[in-house]
Amino acid sequence: MVGVCASLGDDPAFVDDLSSQLEVFGTESTGRILDGDVGAASVYHTTDTGGLPAETDDGYVWAWGDVAGFDHPNGYVPRSESDTEALSEYCAELYATYGTAFVRWLNGRFAVVVRNDEAGTVTVATDRLGTMPFYYARVGGTFLLSTSMQSLTTHPDWTPSFDADALGMYFTHQLTMGTRTPFEGIERLHPGSRLTIDLDDLEVRRERYWTPTYRPVDRPASYFANRLATLLSRAIDERTADDADYGLFLSGGGDSRVVLAAMDRTPTTYHLNGWRNREARIAERVAERAGAPFRLLLRDSEYYPDLLEGNAALSNCVGTFHEGHAVGFAEQLREEVDALVTGHMSDTLFSGHHLPYRSRRLGPLGTLSLPFVEPTPTVEAYVERERRPTPAYYAPADDSGTLLRRNLSVTDAGIRSFGVEYGSLRDLVQFGSYYPHANAPVFFQQTLDQILPFHNPFLDTRLIDLHLTIPHSVRLRRNLIGRALRRLDPGVARIPHAERMTPLSAPFAVQYAGELAMRVLEDRGVLRSPAPHQTRGPWPNHAELIRSHDFVRDAIDEHADLIRAVPFLDADGVERSYAAHMDGENRRNELYSLVTFLAMPAVRRAVEGARPAPRI
């Protein structure tokens, strides 16, 4: 697992153990320094995404991530204009001019460590949305930092215990929200913030440098679509300016298609699927229209069961093992390309899929989502909307609404939810599903970072700023992705969306009607697949996969001792959950979060001892 780690204080040499936990595939490089009471390391694929520790006038800088430039108020400067290739050295140059404040203007995803010998401090920072998370814990006289949550549990002086509320949210929603983790004493760094540790006493000072602010402007949809097309093209150009060979994950939808249309260079396109269904055929049509090589990566029924153990070892509890969709093709990807690109987050930022929609019941046809924001007037209304029953195996039995309310408080500055500060209830509703980034299951992106250098141009700071200015009505009802695609490549835009079977260039109303029509056909059994676990989309029907394969049953049996040992698990409830699923109920999410949790090496470490939890 590429990333950054550090061990400060009494046991700086423990950085060797931490960094070894980040070296998963054996293809990574590691830059390490052990100097006095500071041990730190950057594990990276190329110097462009990391590099050896860079020396400064008063210490060192380590960095890891995907940084495209410097978005300073005095003007934007692409990173390509710098003579420095290594990311750590690039950040060191900026630090020499701006101090640790430089992180607020870095454009991209990053985790940075800065040692200041004169001040006797170490400062760590993550990007605006916390897409490169930092986890930290204090163990006696040692302060541990890592971008891998599980690696911190390997320190010999303590065994972690469990956080009941965080576990309840993970089992119910497949994520741990805010700054919380399932392990007592391990916290996640607040998004858009810096954490400074005093090396004399290991006391910490936290400082936020960015928070999302909704500031809609009254402009027509064409304005935002044109800005989206322009900024996306710049973001991609800056991330693919070298001579590397790029691979793009291509679906039959719009997010990756608009990335392909905005690329000046021709990537190799990859489509993941279980069979050559309509989604795969549409993706191939898009690749052919763009003149890009197409690779269909086919998964058989054994593919996901084989991923469980390895993907669970990579987990930070921001999704479940099956979301590491491409890990089984890691060797092929590394042989064929140098870096990977996706279009993830486009729906969240420019279609508003994370916003609460209004809905209407349509009898046997189910619930119809309407493209209008559902008001959330009170905290109680927010909690009620987010409420879900916790699984039968979660011993405390509190539903997720109770867990959420217990960890949500109104403050003088706004609202605090699981340790993250929001300016208001409106901000929590608008941004809570992706700020921090860990609030959205993002395990797919996390695992791509481990395979190869990985670029997500939609996480460009200029696109995030644009997103914050778009009125909800435009995002929900004006098809911005389709409009931008039509400007970038009209031919590609005319190819139908795989799920709606209407061109992406079509008006919103046409696409909305197409989606409804396809849903009716699917519900009535008109659209069929060769096997129950196969679908017309890119991902299998995991509920049916569990019923047709024994891997979940085997995982439960293999980890029966952990189920008995973890105080917040109920063995009888596990059996009830599994039986209910096998009898036809859809308990896939709770079963996948359970087996992911059980297969995490940190969980077994946590039940093998009972030392006190570290102090934050």
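These legends accompany close-up views of one predicted model.

The model is predicted: local features need pLDDT of at least 70, side-chain atom pairs count only at pLDDT 80 or more, and totals for chains, interfaces and linings use all residues. Residues are numbered from 1 along each chain as its sequence is written, and side-chain values use heavy atoms, with hydrogens and water left out.

**View 1. An open sheet of six strands.**
The strand order is β2-β3-β1-β10-β9-β11, and the pairing is antiparallel. Strands here are DSSP runs of E, at least two residues long; helices are runs of H or I, at least four residues long; both are numbered from the N terminus. Two strands pair if DSSP finds at least two bridges between them. The edges are β2 (29-35) and β11 (187-188), each of which pairs on one side only. Helix α1 (residues 15-22) packs on this sheet. The helix touches β1 (3-9), β2, β3 and β10 (142-146). Contact means heavy atoms within 4.5 Å. The direction of α1 makes about 165° with that of β1. For such angles, axes are lines fitted to C-alpha atoms, for helices over the stretch in contact, and the angles run from 0 to 180 degrees between N-to-C directions.

**View 2**
Strand β3 covers residues 38-44 and runs antiparallel to β2. Seven bridges join the two. Ile 33 stands opposite Ala 40 in β3.

**View 3. Strand β10 and its two faces.**
Five of the five residues of β10 are buried. Buried means under 20% relative accessible area, exposed over 50%, and partly exposed in between (1.4 Å probe, protein chains only). In a regular strand the side chains alternate between the two faces of the sheet. In β10, Thr 142, Leu 144 and Ser 146 point one way. Phe 143 and Leu 145 point the other way.

**View 4. The neighbours of β10.**
On one side, β1 pairs with β10 in the antiparallel sense over five bridges. Leu 8 has Phe 143 of β10 as its bridge partner. Strand β9 (residues 135-139) is also joined to β10 by five bridges, again antiparallel. β9 and β10 form a hairpin with two residues between them. Gly 140, in the turn, has a positive phi of about 60°.

**View 5. His 190 in its loop.**
His 190 is found between β11 and β12 (193-198). This residue counts as buried because its relative accessibility is 11%. A polar atom of its side chain lies 3.1 Å from the backbone nitrogen of Glu 421. Leaving aside neighbours within four places in sequence, His 190 is in contact with several residues, among them Thr 126, Arg 208 and Tyr 435.

**View 6. Cysteines without disulfides.**
The whole structure holds zero disulfides. A disulfide is a pair of cysteine sulfur atoms within 2.5 Å. For Cys 91, the nearest cysteine sulfur is that of Cys 5, 17 Å away. For Cys 317, the nearest is also that of Cys 5, at 19 Å. Cys 91 counts as buried because its relative accessibility is 1%. Cys 317 counts as buried because its value is 0%.

**View 7. Phe 458 between a strand and a helix.**
Phe 458 sits in the loop between β23 (454-455) and α14 (461-467). At 0% relative accessibility, Phe 458 counts as buried. Asp 489 is 31 residues from Phe 458 along the chain, and their C-alpha atoms are separated by 18 Å.

Definitions and conventions:
Polar contact = N/O pair within 3.5 Å; in protein donor to acceptor, adjacent residues only side chain to side chain.
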